[in-house]
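These are my notebook entries on one protein model. I record what I looked up, entry by entry.

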Amino acid sequence: MSVPELKIQKTQNSRLADFDFSNIPFGKNFSDHMLIAEYSEGQWVSNEIVPYGNLSLSPATTSIHYAQSVFEGMKAHRDEQGHIALFRPEENFKRINRSGARISMPPVPEEIFLGGLNELIKLDHGWVPKAEGTSLYIRPFMFGTEPFIGVKTPNRYLFVIITSPVGAYYSEDVSVYVDDTNARAVKGVGAAKFAGNYAASLMPVDAARAKGYKDVLWLDAEQHEIVQEVGTMNIFFVKNNNTLLTPALDAGFLPGITRDSIIQLAKYLGYTVEEARWNIHDIVAMIEKGEITEIFGTGTAAVITYINRLGFQGKDYHFDPSKYMVSVLLKDTLVKIQKGIIEDPFGWVKRVL
Ligand SMILES: *Cc1c(COP(=O)(O)O)cnc(C)c1O
């Protein structure tokens with residue numbers, strides 16, 4: 001399919017000079033530009049980088065009513081020499097199209113997603129923070145825009161990329177509540193980074209917070225027994241300080257790129273990784289025997305987040321992340337690969353500038 005040539009309209013009012021990089025709240029500040037590409041009636045009709053700003057949409061916009069919207073989350077890092085690099089960006093490109101296919105969206109061409117992203121980062125390079133642990137968070141997303149009230153596959157879409165400077169890796173430890181009543185998503189839909197899944201997670205997460213937990217550990221939607229993932233992270237259990245247990249991809253949860261990277265890195269470092277259907281009762285039995293030594297989540301935002309408490313059916317199981325070794329080594333190594341501090345044996349880091 002032919003793709004319109006990228007047009008770039010630069011801002012006349014850069015906000016960069018006034019931006020306070022010393023205190024950056026997550027997800028609230030956006031760089032000077034955004035990429036917008038429009039798809040209409042079977043073809044991509046525009047492809048532009050424009051000043052960041054509001055969109056104007058009909059109140060009948062299909063995706064507002066029927067949630068036909070998918071997104072991605074990725075980061076650009078600055079290395080020791082000041083170069084800017086992306087981490088496995090082609091995986092995000094493939095995933096947004098797998099997510100979109102599940103909700104009947106046309107695929108975004110590589111030239112628009114990866115080509116446009118590279119140009120956007122080059123233009124807004126000043127927005128990639130320099131301090132230790134910081135990065136530019138990138139949010140590509142796509143949604144149906146046909147002004148039509150009725151459930152059918154729309155024929156108009158916008159694909160957009162916005163970027164947001166973020167502070168040091170969020171690494172507060174997290175407590176999780178195992179919800180054995182509500183499900184996040186059914187198989188097929190659960191593996192898509194599809195907006196509706198996140199709306200469906202809000203009420204159970206609020207309920208877990210009211211009970212004093214930070215997030216929910218989701219189980220499968222059919223039996224409410226098979227471990228899936230936590231919030232916007234995949235989950236790992238470390239057994240006997242040498243084996244990682246993690247759910248095998250089953251279409252019910254999101255196949256994280258950090259999850260895949262941690263699995264490959266752990267094997268490279270000599271750990272055993274067991275991907276399987278883990279029943280929560282078997283995991284809890286291993287915890288009670290003292291075999292589970294660490295629990296952690298993986299995701300682009302914090303790479304690895306340590307879990308310090310797991311609540312299941314009225315009992316709390318406590319963990320002490322200050323004693324974690326395996327997950328600390330994995331996080332440290334992956335962050336150093338992303339930042340170009342140590343060699344990248346996997347070819348994951350893609351330099352932009
Ligand atoms: C994005 C996301 C993850 C983590 O995926 P990464 O590619 O590692 O960032 C895990 N679970 C859910 C539900 C997610 O949305």
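Is Thr181 buried or exposed? I found Thr181 exposed, because its relative accessible area is 57%; buried means under 20%, exposed over 50% and partly exposed in between, with a 1.4 Å probe and protein chains only. I located Thr181 in the loop between β9 (174–179) and α4 (195–210). Helices (H or I, at least four residues) and strands (E, at least two) are DSSP runs, numbered from the N terminus.

Basis of the entries. The model is predicted, so local features need pLDDT of at least 70 and side-chain atom pairs count only at pLDDT 80 or more, while totals for chains, interfaces and linings use all residues. Residues are numbered from 1 along each chain as its sequence is written, and side-chain values use heavy atoms, with hydrogens and water left out.

Entry on Thr134. I looked up the loop between α3 (110–123) and β7 (135–144) and found Thr134 there. Thr134 counts as buried because its relative accessible area is 6%. A polar atom of the Thr134 side chain lies 2.5 Å from the backbone oxygen of Ala131. This is a polar contact, a pair of N or O atoms within 3.5 Å; within protein, one must be able to donate a hydrogen and the other to accept it, and residues adjacent in sequence count only if both atoms are side-chain atoms. With neighbours within four places in sequence left aside, Thr134 is in contact (heavy atoms within 4.5 Å) with His77, Pro129, Val166, Gly167, Ala168 and Lys339.

Entry on the cores. I then asked which residues touch the most other members of the largest nonpolar core. They are Leu217, Val227, Phe237, Leu244, Ile295, Leu310 and Leu330, in a core of 45 residues. Such a core is a set of buried Ala, Val, Leu, Ile, Met, Phe, Trp, Tyr and Cys residues joined through side-chain atoms within 4.5 Å. Strand β16 (residues 303–312) supplies the largest share of this core, six residues.

Entry on Gly297. Strand β15 (residues 292–299) holds Gly297, which counts as buried because its relative accessibility is 0%. Apart from neighbours within four places in sequence, Gly297 is in contact with Met233, Asn234, Val303, Ile304, Thr305 and Ile307. Gly297 and Thr232 are 65 residues apart in sequence, yet 8.7 Å apart in space, C-alpha to C-alpha.

Entry on backbone angles. Most residues other than glycine have a negative phi. Glu41, not a glycine, has a positive phi of about 50 degrees. I placed Glu41 in the loop between β2 (33–40) and β3 (43–51), and its relative accessible area of 59% makes it exposed. Ala251 likewise has a positive phi, of about 75 degrees. Ala251 sits in the loop between β13 (243–247) and α5 (257–268) and is partly exposed, at 33% relative accessibility.
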